[in-house]
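Have the model open as you read.

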Amino acid sequence: MLLDTIAAYGARDTQARLPEEVIHHAKRAFLDWLSALYPGTRTQPCLQLLGAHGAELGAGSSSLPGCATTAFPATAAWINGSVSHAVEFDDIYRDAIYHPGCPTIAAALALAEEADAGGRELLNAIVVGYEISTRIGAAVQPAHYRYFHTTGTVGCFGSAAAAAALCAPGDAQAMLHALATAGTLASGLQQAFRSDAMSKALHAGHAAAVGVRAGQGAAHGITGVPDILEGEVGFGAALARDPDWNVATAGLGERYNILSITQKNHGCCGHTFAAIDAALALRERGAGADDIAAIRVDTYQTALDVTGNFAPATAFEAKFSLPYVVAHAFVHGSVRLDAFAPARLADPRVLRLMRRLALQADPALTAGFPKMRAARVAVTTAAGDVLEHFAPYRKGDPESPLSDAELNDKFDELAGPVLGRARAQTLRDAVWRLDAMPVRALRLAADMPRS
């Protein structure tokens with residue numbers, strides 16, 4: 001069965017001496033996850049989750065970074081997974097339309113700290129979770145994404161694989177049953193994207209907690225259905241259409257998907273990124289916001305379905321508004337956390353430019369989704385000149401990755417205001433040495449967000 005092959009790989013790489021390039025990219029993923037997590041501690045649903053689980057805080061050894069406390073692993077994974085998805089700066093595996101870091105790393109960190117594991121064990125678990133879940137995700141796309149949020153569904157496999165790697169290292173049967181149990185608990189509906197609610201972020205936390213419990217249970221003998229993926233009424237049949245299960249095992253253990261992760265360069269929905277990049281390129285060429293008479297954005301249909309909101313009323317809605325973020329890019333030259341402050345949402349220059357913008361689905365770009373995430377932006381100036389830029393991929397995609405230095409800068413920008421500059425830089429430098437230290441040496445539970 002499919003899970004036999006996947007689990008055998010997971011058990012192997014749990015204890016393997018992985019290539020240094022792979023370990024390096026696991027460190028990149030962990031640092032990038034922390035970059036998204038820390039600003040999330042200052043917004044919803046972090047405070048609500050801390051209140052809801054107040055009686056559980058201070059127990060266990062699994063940290064809630066930035067919150068100066070701990071919890072038992074499943075609770076820590078639930079909170080950290082949700083918080084790291086809150087500000088929309090988390091990583092992407094493009095082919096699966098999936099954010100692997102939030103569920104996978106939240107689960108892996110919680111169990112690594114609970115077990116007082118070494119950094120190398122944590123990094124191996126992250127790699128195993130990424131490799132297994134990204135392939136399952138790619139196998140069910142694009143049909144799966146019509147109704148389901150991949151991070152909430154496929155994320156359960158990433159977190160379960162990482163959990164099994166730490167709870168039962170080298171045990172293929174425990175890996176199999178953790179994945180099988182996680183598959184039947186997978187959930188997360190696209191409707192959660194369509195209004196200002198906290199549910200979308202909670203999908204990632206739910207997936208992380210499911211994986212922790214599935215991995216812990218499997219290590220103690222709890223069994224799952226081995227054909228949960230390809231069975232007649234299994235995951236693929238219920239949540240996709242004609243999944244290509246060959247994709248789930250192609251290159252497994254030989255070609256590492258963690259080397260091809262997208263790290264976000266803008267603080268909003270990834271479907272808008274190519275258009276933002278094109279807008280910024282045009283701005284560099286002299287397309288000033290006050291001189292623009294019209295903007296046309298051609299991109300793939302899913303981007304319009306998810307982000308075609310011309311009247312965002314809240315920060316959450318603005319993050320999923322292609323007209324807003326493109327207009328903001330022209331006016332302010334970036335789309336970072338400050339783009340969603342109340343003053344920016346009400347900026348008359350941005351609002352005026354949004355009214356001059358038109359969206360159009362391009363058949364060729366639509367056909368290329370999800371492997372291709374492109375956009376073409378054309379600007380007509382007040383003088384009648386037309387400027388156009390085509391972005392075939394996004395800054396941060398494998399074709400144009402963020403460098404280690406750019407990831408460091410991103411961490412400093414996002415975590416620095418929460419931790420303070422000195423502590424943020426100390427932690428950042430420690431992450432790059434993580435394979436040579438115990439995970440608890442990071443002291444992630446010691447940091448309280450600065451007021």
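A cavity here is a set of points on a 1 Å grid over the protein atoms alone where a 1.4 Å probe fits but cannot get out, and lining residues have an atom within 4 Å of a point. Grid points are joined across faces, edges and corners, and a volume is the space filled by probe spheres set on the points.

Helix H18 (residues 348-354) supplies the largest share, 3 residues; helices are DSSP runs (H or I, at least four residues), numbered from the N terminus. By class, that lining has 3 nonpolar, no polar and 4 charged residues. Ala, Val, Leu, Ile, Met, Phe, Trp, Tyr, Cys and Pro count as nonpolar, Asp, Glu, Lys and Arg as charged, and the others, Gly among them, as polar.

## The largest cavity

The structure holds 2 cavities of 30 Å³ or more, and the largest has a volume of about 150 Å³. It's lined by 16 residues, with Ile-97, His-99, Tyr-145, Cys-269 and His-271 nearest its centre.

## The largest pocket

Now for the open spaces: a pocket is an open set of points with protein on both sides within 12 Å along at least five of seven lines. The largest pocket comes in at about 440 Å³. Its lining has 22 residues, and Thr-43, Ala-86, Val-87, Ala-315 and Lys-319 sit closest to the centre. Helix H10 (199-219) and helix H15 (315-319) are the elements that each give two or more residues, and H15 gives the most, with 3.

By class, you get 12 nonpolar, 4 polar and 6 charged residues in this lining. At least three residues come from each of domain 1 (2-265 + 404-446) and domain 2 (272-391), with domain bounds taken from an automatic or database domain assignment.

## The second largest pocket

About 290 Å³ of space lies in this one. Of its 15 lining residues, Pro-142, Tyr-145, Arg-146, Thr-302 and Asp-305 are closest to the centre. Helix H14 (residues 301-307) gives the most, with 4 residues. Domain 1 and domain 2 both contribute to the lining, so this pocket lies between them.

## About the model

This is a predicted model: local features need pLDDT of at least 70, side-chain atom pairs count only at pLDDT 80 or more, and totals for chains, interfaces and linings use all residues. Residues are numbered from 1 along each chain as its sequence is written, and side-chain values use heavy atoms, leaving out hydrogens and water.
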